[in-house]
Amino acid sequence: MIESLLVANRGEIARRVIRTAKRLGIRAIAVYSEADADLPFVAEADEAVLIGPPNPAQSYRNVEAILAAAKSTGAQAIHPGYGFLSENADFARTVEASGLIWVGPGADAIAAMGDKINARNLMAAAGVPVAPGTTDPAADLDAAVTAAAEIGYPVMVKAAAGGGGMGMGVAVDEAALRTEYDKVRAFAERMFGDGSVLIERYFPRVRHVEVQILGLADGRVVALGERECSVQRRNQKLVEESPSPAVSPELRARLLAAAVRAGEAVNYRNAGTVECLLDPSTGEFFFLEMNTRLQVEHPVTEYVYGVDLVEEQLRVAAGLAPMFDPDALAPSGHAIELRINAEDPKRFLPGPGKVTTWVEPTGEGIRVDSGYTEGNTVTPFYDSLLAKLIISGASRDEVIARARDAVAGFQIVGPKNNLPFFAELLENDEFLSGAYDTAIVSRMR
């Protein structure tokens, strides 16, 4: 097993990785920015290195500073968490070229899946269903208009290099397409350094379902069930649950088989997620993208499948066999994750500030993965995620009942937070029925 691990991230995911590393007897090394010096993950690491000012480009995205920290502390491996450099193929190559172990998929797989058009084409060739759309970037507005006319409105205008719900727009007609194309292209150039745009069929009523895959050290790719991710605002997830209430055993078998084919197509190793759009009226699903990293919502899979995904990541990176039987994977019970963000519960606008009260709920089936505690300051420099509230139980109804109590018992004073939204959601008839889709939040607002 790996003996020392540098976590190239911050907040709750850094704490999460550090927790498993220390349980396994691995020396855990944190890196942190000046803005994060007082956060729990820094104190909980065996060693911590200041790598720069608050600006992520000068700290958590600063490859030279991270590698220097790894060298000075004698780190053997680097875990990138999610966000920042986690899906940067060049960083993965640089880590390995430096003689360190990269705890993630190979750089070639990251690069192959990082370009949405290339990923679509690869998946189609592997027999994974893809939505109608362009096989090459829409070179200009005229090409986008022509493609949309062939596909049929409404269409999704999407940044080829985008991800995490960013760089997308919906066009219901040509006039809207002309506006959205320019907007998405400009955003993509600014955010990703690549203005390439693809056009896909847009499904007005759709569910977002994803499959957790794990590429094992022996070359096999296995699927650890699906997660429902349809409670979203601005195409970004707020709630995830497993199993999905929309997925039958027959559909699950098709989803998981397609996800395994997706992983095999790029010789995938380590943890990853194959995201799909599901048409609830027909049972058809279409490949959306592959996230070549650990997902924010991985804890719901951990509960339902009885695995520690971070431990499995470390085992794969070390060339070790998994702790579970790949031929005996089966779901048990139910789990839901609520993303507690520093944002107002109505418009979901960021609301940073100092945490004057922080009381986490406790009880059977309740887990809190938090990045902050009382006395910390939530700054505007990073993602608004404060904590993940994960609830598990024998059935969906039991989990929802526990979730209501947990939300009521979670006290955060200081920064704005979306706990009131979750209290509302957990009483919403559409959510309770399980028959919801990606527009549920807009209907609530």
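1. In this predicted model, arginine 93 is partly exposed, with a relative accessible area of 37%. Its salt-bridge partner is aspartate 90, with 3.5 Å between the closest N and O atoms. Aspartate 90 is exposed, at a relative accessible area of 54%. Both residues belong to helix H4 (residues 89-97), where a spacing of three residues amounts to about one turn of the helix. An α-helix has 3.6 residues a turn, so residues three or four places apart point the same way.

2. A second salt bridge, between glutamate 200 and lysine 158, has its closest N and O atoms 3.0 Å apart. This pair links distant parts of the chain: glutamate 200 is in strand E8 (residues 197-201) and lysine 158 in strand E6 (residues 155-163), 42 residues apart. Glutamate 200 is buried, at a relative accessible area of 4%. Lysine 158 also counts as buried, at 5% relative accessibility.

3. How many salt bridges does the structure hold? The total is 41. One of them joins the side chains of arginine 16 and glutamate 302, at 2.6 Å from N to O. Arginine 16 lies in helix H1 (residues 11-23) and glutamate 302 in helix H10 (residues 298-305), so that distant parts of the chain, 286 residues apart, are linked by the pair. Both arginine 16 and glutamate 302 are buried. Through shared partners, salt bridges connect Arg16, Arg19, Arg23, Glu302, Asp308, Glu311, Arg367 and Asp369 in one network.

4. Helix H12 (residues 396-409) comprises 14 residues, and the distance from its first C-alpha to its last is 20 Å, close to the 20 Å expected at 1.5 Å a residue. Which residues of H12 are buried? They are Arg396, Val399, Ile400, Arg402, Ala403, Ala406 and Val407. The elements covering the buried residues of H12 include the strands E11 (236-242), E14 (334-341), E17 (366-370) and E19 (385-393), together with the helices H13 (419-425) and H14 (429-433).

5. The largest nonpolar core has 97 residues, of which Leu6, Ile78, Val231, Leu338, Ile340, Leu389 and Phe431 touch the most other members. Strand E19 makes the greatest contribution to this core, with six residues. With neighbours within four places in sequence left aside, isoleucine 340 contacts Ser384, Leu385, Leu386, Ala387, Leu389, Phe410, Ile412, Asn418, Leu419 and Phe422. Another core, of 27 residues, lies apart from the largest one, and Ala109, Val209, Leu255 and Leu278 are among its members. In soluble globular proteins, nonpolar side chains tend to be buried together.

6. A search of the whole structure for disulfides finds zero. Cysteine 229 is in no disulfide, and the nearest cysteine sulfur, that of cysteine 276, is 11 Å away. Cysteine 276 is likewise in no disulfide, its nearest cysteine sulfur being that of cysteine 229 at 11 Å. A disulfide would require the two sulfur atoms to be within 2.5 Å. Is cysteine 229 buried or exposed? Cysteine 229 is buried, with a relative accessible area of 0%. Cysteine 276 counts as buried at 3% relative accessibility.

Methods
Residues are numbered from 1 along each chain as its sequence is written. This is a predicted model: local features need pLDDT of at least 70, side-chain atom pairs count only at pLDDT 80 or more; totals for chains, interfaces and linings use all residues. Side-chain values use heavy atoms; hydrogens and water are left out. Helices (H or I, at least four residues) and strands (E, at least two) are DSSP runs, numbered from the N terminus. The expected span of a helix is 1.5 Å times one less than its number of residues. Buried means under 20% relative accessible area, exposed over 50%, partly exposed in between (1.4 Å probe, protein chains only). Contact means heavy atoms within 4.5 Å. A nonpolar core is a set of buried Ala, Val, Leu, Ile, Met, Phe, Trp, Tyr and Cys residues joined through side-chain atoms within 4.5 Å. A salt bridge is a side-chain nitrogen of Lys or Arg within 4 Å of a carboxyl oxygen of Asp or Glu.
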